[in-house]
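Subject: Structure handover

Hello,

Here is the structure I said I would pass on. Please open it first, then read the notes below.

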Amino acid sequence: MSRTALRICPLCEATCGLTLTVDGTRVTGARGDREDVFSKGFICPKGASFGAVDGDPDRLRTPLVRKDGALREATWEEAFDAVAAGLRPVVERYGADSVGVVLGNPNVHTMAGALYPPVLLGALRTRSLFTASTVDQMPKHVSSGLLFGDANAIPVPDLDRTGHLLLIGANPLESNGSLCTAPDFPGKLKALRARGGTLTVVDPRRTRTARLADRHLAIRPGTDALLLAAMVTVLFEEDLADLKDLAPHVRGVAEVREALRDFTPEAVAGACDVDADVIRTLARELAAAPTAAVYARIGSCTVAHGTLASWLVDVLNILTGNLDRPGGALFPQAATDRTPRPAGPGHGFALGRWHSRVRRLPEAKGELPFSALAEEIDTATDEGEPVRALVVVAANPVLSAPDGDRLDKALESLDFMVSVDPYLNETSRHADVVLPPPPPAQSPHHDFAFNTLAVRNQVRYTRPAIPLEPGRMAESEILARLILAATGMHGADPAAVDAMVVDQTLAKAVQDPHSPVYGRDPVALATQLTGDNGPERRLDLMLRLGPYGDGFGARPDGLTLAELLAHPHGIDLGPLRPRLPQPLKTRSGKIELLPEPVAGDLPRLRAALAERPAGLLLVGRRHLRSNNSWMHNVPALTGGSNRCTVHIHPEDAARLGVRDGADVRVKGAGGEVTAPAEVTDSVRPGVVSIPHGWGHDRPGTRLTHAATAPGVNVNQLLDGSLLDPLSGTAVLNGVPVEVAVAADLGDGGGGGPQGALGVAP
């Protein structure tokens, strides 16, 4: 007999509410939850395929442990025994930094992935942390840290109220939004235009989002920071800068004006391939709009000047008075945020507190660059021990990091590796132990990270739609047991991990004069927590201590877990509101408009004024039915236009003799790949595009459907040497490559009669 159950979709950043149809223990359908306070019934193809994702027959059902060189099914007890036996000797012999922790993007899409990795890192005390942030959004974290003193204080565009949106390097009609949680992002952009607003898209591709826009500028890849700097210069030159209510909270305006004076529209036009008059028009329109916001995403982050571009986005929002203003860009306030402290100076944000061993790359936000992972394993130096063991949680760096071939070999050399992953994929196949979490329908869900980036304040929680299947273990228990095994407490009750966090949090809260529980008994407070398990008790704790919480009775009408459970479609907490100066944690207590690290990187941007790439430039692309390497094993989400092809402009195709559908070989500093050409004017001349997350052709995986159309790993074209120096983020876009018809190159790939791969003049 079928029934329905609610579930927040975990398959992208939009966090839409779903109504699942459940037959027994199987999800047979999914539709949008029309009563959801945030998404109001919106659903995309990924959400509609929830049942297929949830029921993928290739999902691992039991742990795997390597015995006699092969991964074999094992009991949970055997698996955690193996983890303890594999990790602890490495820590004890070589030190904590010899154990690397790799966290993938899906961690922020699960409740357990948000709650437990920070505890693991705190217990291990390793500095060898690598996450997907440095192949994605780290420039935004760094720029926010430098500007506002908090790397997680990321303003988002007020999409429902803005009248002018400048969108750079983002394609939300395909991605559903990124670092901006907005169900039905496409509908919000259409509503913007319907109410007379203006949408401008800056992107080297004519994406679906660009086709919707009033204006599309096909900029040369990697030059976003130059364009934005020129817009800032126009604001100063034409006396258009007006900070409005922000003025008392900002320092460094005159210094920014002086630092950017060389970046005139005329100076940057050649490098950007955007006419100077158009740049001036962009700046004037932004300044004149009653409400406006600049929003930039991965195309502007994963380039050589990613942090500068991210910084300049906020500089423009500040100089036009649109930061922290309805209709502009505001700081969300999530229900599980800490109780807001009074405004005033904070500890600030520091970069480079430690460095990687091999290339001495600085940490950012506690992380080392993903691009350094292979060399930190396979290269010996005098600077300490290499990484000898890895804990990999929901990550597939063989596909998502540069030079996967090198990393593939490096993983083979480890003393020990454990992966928490539902699949035997290109990375987890190297593990000595694989710990599979249950399908999403069997897990609870609350969005800790994405609610801090949401375009409307709200809070939602869904319990598992289906009971945990016999033989499976909850992801929260898997990660709690992993923490115990990795830190010398193997065999202890996993509930002790949650109890420890609760005790530590309450002990700190009662000593904080700004906390609603200041001076109270932490033991008595702990007895008031509700919930069926440790994760629910921790959620209840965070809600009660949060900005909307009941403060354990101090605010009787405030949020608790019980109140949230009584509202299964969520609780609306209202539109975004101005919050400055409270979010600022800089040492001055003000927005530091020209931080020293940014000023130190401007000469590198100035040198880019003279750069004119001679060859073809590589960019990535997104697809609505895909999310990194996650979705390619689901038949309903592959095929059609979701294919791994090389987009190339007709002019470039004609010059290189490339026919539509013919195989072309693309070569970069890290290697080469061969894939079908798709001749299209959706890319500008001089640009080729290959999607990210493909390359499912390595032996030893269990991705049956993905292997039927594996595609190619675009990151194999990169050798990992190109990084944004401030954030350590890999340069994935705007990378020079060489392209030629595969048949012309022979079996050796060394070139045809002309001796080399064809490049654009």
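This is a predicted model: local features need pLDDT of at least 70, side-chain atom pairs count only at pLDDT 80 or more; totals for chains, interfaces and linings use all residues.

The cores

The largest nonpolar core has 63 residues. Within this core, Trp311 and Ile591 touch the most other members. Helix 10, residues 224–237, gives the most to the core, with 11 residues.

Trp311 is worth a click. Beyond its neighbours within four places in sequence, Trp311 is in contact with Ser143, Leu147, Val256 and Leu260, among others. Its contacts also include Leu593, Leu594, Pro595, Val598 and Leu602.

Asn425

Look next at the loop between strand 16 (416–420) and strand 17 (433–435), where Asn425 is found. Is Asn425 buried or exposed? The relative accessible area of Asn425 is 7%, under the 20% cut-off, so this residue counts as buried. What does its side chain meet there? The Asn425 side chain makes a polar contact with the side chain of Asp421, at 3.3 Å. A polar atom of the Asn425 side chain also lies 2.9 Å from the backbone nitrogen of Thr427. Setting aside residues up to four places away in sequence, Asn425 touches Asn396, Thr701 and Leu703.

Helix 5

Helix 5 spans residues 117–124. Its buried residues are Pro117, Val119, Leu120, Leu121 and Leu124. Arg125 follows the helix, and its phi is positive, near 60°.

Best wishes

Note on methods: Residues are numbered from 1 along each chain as its sequence is written. Side-chain values use heavy atoms; hydrogens and water are left out. Buried means under 20% relative accessible area, exposed over 50%, partly exposed in between (1.4 Å probe, protein chains only). Helices (H or I, at least four residues) and strands (E, at least two) are DSSP runs, numbered from the N terminus. A polar contact is a pair of N or O atoms within 3.5 Å; within protein, one must be able to donate a hydrogen and the other to accept it, and residues adjacent in sequence count only if both atoms are side-chain atoms. Contact means heavy atoms within 4.5 Å. A nonpolar core is a set of buried Ala, Val, Leu, Ile, Met, Phe, Trp, Tyr and Cys residues joined through side-chain atoms within 4.5 Å.
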